[in-house]
Amino acid sequence: MKLHAEDNVMVIKGRDRGKQGRITRVFRKEDRVLVEGVNLVTRHTKSTGGVRQGGIIKKEMPVKVCNVMLVCPDCGKPTRIGYRSLADGSKARVCKKCEEVIE
Ligand SMILES: [Zn+2]
């Protein structure tokens with residue numbers, strides 16, 4: 001999984017194409033991420049026992065990682081992610097457009 005929580009991504013496919021948002025959750029096994037304000041579904045709920053208000057609520061559903069691209073914090077463009085080995089042996093993600101390391 002190349003994407004992490006808190007990453008900024010842009011949707012490149014589907015109904016929400018062009019939207020940007022922050023990843024709030026990563027589902028590694030499913031290869032899906034939850035992105036703020038993206039892939040909203042409308043749920044009609046009935047009030048049950050007065051705990052939850054009835055009505056329409058909007059809820060985000062996870063999207064496939066292949067449908068989003070990371071937005072590079074340095075150049076601000078949606079980009080593919082590369083990897084670079086650092087001096088200490090660890091790997092860092094890098095932007096393929098500007099070559100900057102992405103935290
Ligand atoms: Zn960049």
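Predicted model: local features only at pLDDT ≥ 70, side-chain atom pairs only at ≥ 80, totals over all residues.
A residue counts as buried when 20 or more other C-beta atoms lie within 10 Å of its own, as exposed when there are 12 or fewer, and as partly exposed in between.

Three strands make up an open, antiparallel sheet, arranged in the order β9-β10-β11. Because β9 (81-85) and β11 stand at the edges with a single partner strand each, one side of each has no neighbour in the sheet. β9 and β10 run antiparallel and are joined by five bridges; one example is S85, whose bridge partner in β10 is K91. Between β10 and β11 there are two bridges, again in the antiparallel sense, and here R93 has I102 of β11 as its bridge partner.

Now follow the chain around the turns of this sheet. The hairpin of β9 and β10 has five residues between the strands, and there G89 takes a positive phi near 90°. The hairpin of β10 and β11 also has five residues between its strands, with E99 at a positive phi near 70°. Most residues other than glycine have a negative phi. E99 is not a glycine, yet its phi is positive. You will find E99 in the loop between β10 (91-95) and β11 (101-102). Is E99 buried or exposed? Since E99 has 12 C-beta neighbours inside 10 Å, and 12 or fewer is the cut-off, E99 counts as exposed.

N39 sits in the loop between β3 (32-35) and β4 (40-45). Because 22 other C-beta atoms lie within 10 Å of N39, and 20 or more is the cut-off, N39 is buried.

From here, turn to the interior. In soluble globular proteins, nonpolar side chains tend to be buried together. In this model, the largest nonpolar core has twelve residues: V9, V11, I23, V33, V35, V38, V63, V65, V68, L70, C72 and C95. β1 (8-11), β3 and β7 (68-71) each contribute at least two residues to this core.

Key. Residues numbered from 1 in each chain as written. Helix = DSSP H or I, 4+ residues; strand = E, 2+ residues; numbered from the N terminus. Core = buried A, V, L, I, M, F, W, Y, C linked by C-beta atoms within 7 Å. Pairing = 2+ DSSP bridges.
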